[in-house]
Amino acid sequence: MNIKIYTDGACSGNPGPGGWGALIIASKDSRVLKELELKGGEKATTNNRMELIAAIRALESLDRQSKITIHTDSTYVKDGISKWLPNWKLNGWKTAAKKSVKNEDLWKQLDQASSKHIVKWEWVKGHSGHIENERVDILAKTGMIPYQKT
């Protein structure tokens, strides 16, 4: 089984009301077996927090260890999990500049959620016509709607 996850976050103002979206596609032999769309939001948040939550919620939705490719348009998430996280943990959640890691709570959750799986992180260019990335962008914006002032 091949599992691909696509994630995105959105924010109206930064900080402001935000939303996140995730698309999980399970396939075998190039045949889609199942698709699952997830979305949500918060009243007062940042775009980076929504990007992180999208990946966390997608990983947490899987009930067994899986080999996964996560596609994100956030270099913050991709570089954070694949490059910066090991050093943050070694340095007591401090950056190379000795400052506290922003969104430490979510980085810890993402670390925990991804540790249950074999995860490959891929960056995709946002807003460039990538079909699945456009779908999760819509999910993220839809997840934000209940938290926006009307």
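## Aromatic pairs

Rings of Phe, Tyr and Trp (its six-membered ring) are taken to pair if their centres lie within 6.5 Å, with planes under 30 degrees apart counting as stacked, over 60 as edge-to-face and the rest as tilted; by this definition the structure holds four aromatic pairs. The structure is a predicted model, in which local features need pLDDT of at least 70 and side-chain atom pairs count only at pLDDT 80 or more, while totals for chains, interfaces and linings use all residues. Residues are numbered from 1 along each chain as its sequence is written, and side-chain values use heavy atoms, with hydrogens and water left out.

The ring centres of Tyr 76 and Trp 107 are 5.3 Å apart and their planes stand at 65 degrees, so this pair is edge-to-face. Because Tyr 76 belongs to helix H2 and Trp 107 to helix H3 (residues 104-115), the pair ties together parts that are 31 residues apart in sequence; helices (H or I, at least four residues) and strands (E, at least two) are DSSP runs, numbered from the N terminus. Both Tyr 76 and Trp 107 are buried, a term that means under 20% relative accessible area, against over 50% for exposed and partly exposed in between (1.4 Å probe, protein chains only).

Trp 88 counts as buried at 9% relative accessibility, and Trp 93 counts as buried at 12%. Tyr 76, Trp 84, Trp 88, Trp 93 and Trp 107 form one aromatic cluster.

## The sheet

An open sheet of five strands has the order E3-E2-E1-E4-E5, with mixed pairing, where two strands pair if DSSP finds at least two bridges between them. Its edge strands, each pairing on one side only, are E3 (31-45) and E5 (118-123), and the twist from one strand to the next averages 20 degrees. Strand E2 (residues 16-28) runs antiparallel to E3 and is joined to E3 by twelve bridges; Trp 20 has Gly 40 in E3 as its bridge partner.

## Helices on the sheet

Helix H2 (residues 75-90) lies across strand E4 (67-72) and E5, running at about 140 degrees to E5. Axes are lines fitted to C-alpha atoms, for helices over the stretch in contact, and angles run from 0 to 180 degrees between N-to-C directions. Helix H4 (residues 131-144) packs on the sheet and touches strand E1 (2-11), E2 and E3, contact meaning heavy atoms within 4.5 Å; the direction of H4 makes about 140 degrees with that of E2.
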